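Let's read a protein model together, one feature at a time. Keep the picture open as we go.

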Amino acid sequence: MENITSGPKGARTPWQVTRSVWYAMFMREAISRTMADRMGWFWMIFEPAAFIGIMVAIRGFIRSDRLIVNAEFIPWMIAGLMGFFLVREGMLRGMGAIESNSALFAYRQVHPVDPVIVRNFLEGMLRSLIFLLFILGGLMLGLDMYPDNAIRAMAAWLSLWSLGLALGLLTSVVATLVPEVGRVVRMLSLPLLILSGVMFPLNQLPHWLLEYLMLNPIPHGIEVLRLGFFEKYQTVHGTSMLYFWMVTLSISALGLLMHLRFVDRLKAK
């Protein structure tokens, strides 16, 4: 972190200092994430591939492809699964960002919010690369993985990325101050996978239940992402990106306010 404090006092603007902090932390996180664990890349690719393989096997029994209108089951599943993992990893990896970088808070330029933002950015870049690999692999296997509306698909992907950051900002504070909350959040990740419409279309559920499930912002982003791949795909009733962004911005604001309010306690941890 020497490059953060080098140079004469007052020679750099606050933005230049912040940018130097983020760059140094990004390089540190990137090396740790991709090179420290030899199996890291394997698990990032194997986990979604295993989920897809299991669901394809289940499809042979329940014929779930007939429940999805104007979309092939496997590409539909890949888009939903990748979008969900992008949000989930942003939320889960934000929880450990502060504790794992606590030694860096000795530098006054480094704040607890910095590792959360950097870690989410790195995770989003890795997940984007893996998604591209799955798209290329699907095209090579003859699957309909080419997006009909690439701009819409990219906008939905960036929106889900933003939601992951928002949840990471919130969970990083709560889980650091109350460690038991982190365990609960991890336990909820699997039910959230099911309730977000990743493995089966939510349109098949009763309307009274769907109204409650659509309070979760994740299905809204996933459905628009799928719509970007299949132009004639019938999204779940009630899908709204306006609602998605209202929730995302609200969570982001709450997370940032909590970082400001508890900055001293977070550094002390």
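Q: How many residues does the protein have, and what percentage of them count as buried?
A: This is a predicted model, and a residue counts as buried when its relative accessible area is under 20%. The protein has 269 residues, and 47% of them count as buried.

Q: How many helices and how many strands does the protein have?
A: There are twelve helices and zero strands. Reading along the sequence therefore gives the pattern α-α-α-α-α-α-α-α-α-α-α-α, with helices numbered from the N terminus.

Q: What span should α6 have at 1.5 Å a residue?
A: The 28 residues of α6 should span 40 Å, and the end C-alpha atoms of α6 are 41 Å apart, which agrees.

Q: Which residues of α2 are buried?
A: They are V17, S20, V21, A24, M25, E29, A30 and R33.

Q: How many salt bridges are there, and which residues are linked in a network of them?
A: Look for a side-chain nitrogen of Lys or Arg within 4 Å of a carboxyl oxygen of Asp or Glu. By this rule the count is six. The network links R88, E89, R93, E123 and R127.

Q: Where do R93 and E123 lie?
A: The side chains of R93 and E123 form a salt bridge, at 3.1 Å from N to O. R93 belongs to helix α4 (residues 73-95) and E123 to helix α6, so this pair ties together parts that are 30 residues apart in sequence. R93 is partly exposed, with a relative accessible area of 29%, whereas E123 is buried at 3% relative accessibility.

Q: What about the other pairs in the network?
A: E123 also meets R127 in a salt bridge, at 3.2 Å from N to O. Both residues lie in helix α6, four residues apart, which is about one turn of the helix. R127 is buried, like E123. E89 pairs with R88, their closest N and O atoms being 2.6 Å apart, and both E89 and R88 are buried.

Q: Which residues gather in a patch of negative charge on the surface?
A: E72, D144, D148 and E231 make up that patch. Find D148 in the loop between α6 (113-140) and α7 (150-177). D148 counts as partly exposed, at 44% relative accessibility.

Conventions. Residues are numbered from 1 along each chain as its sequence is written. This is a predicted model: local features need pLDDT of at least 70, side-chain atom pairs count only at pLDDT 80 or more; totals for chains, interfaces and linings use all residues. Side-chain values use heavy atoms; hydrogens and water are left out. Patches are made of residues with over 30% relative accessible area and no salt bridge: like charges are joined within 9 Å, nonpolar side chains (Val, Leu, Ile, Met, Phe, Trp, Tyr) within 5 Å. Accessible areas come from the Shrake-Rupley method with a 1.4 Å probe; for residues, only the protein chains shown count as cover. Lys and Arg count as positive and Asp and Glu as negative; His and the chain ends are not counted. The place of a charge is taken as NZ of Lys, CZ of Arg, CG of Asp or CD of Glu. Helices (H or I, at least four residues) and strands (E, at least two) are DSSP runs, numbered from the N terminus. Buried means under 20% relative accessible area, exposed over 50%, partly exposed in between (1.4 Å probe, protein chains only). The expected span of a helix is 1.5 Å times one less than its number of residues.
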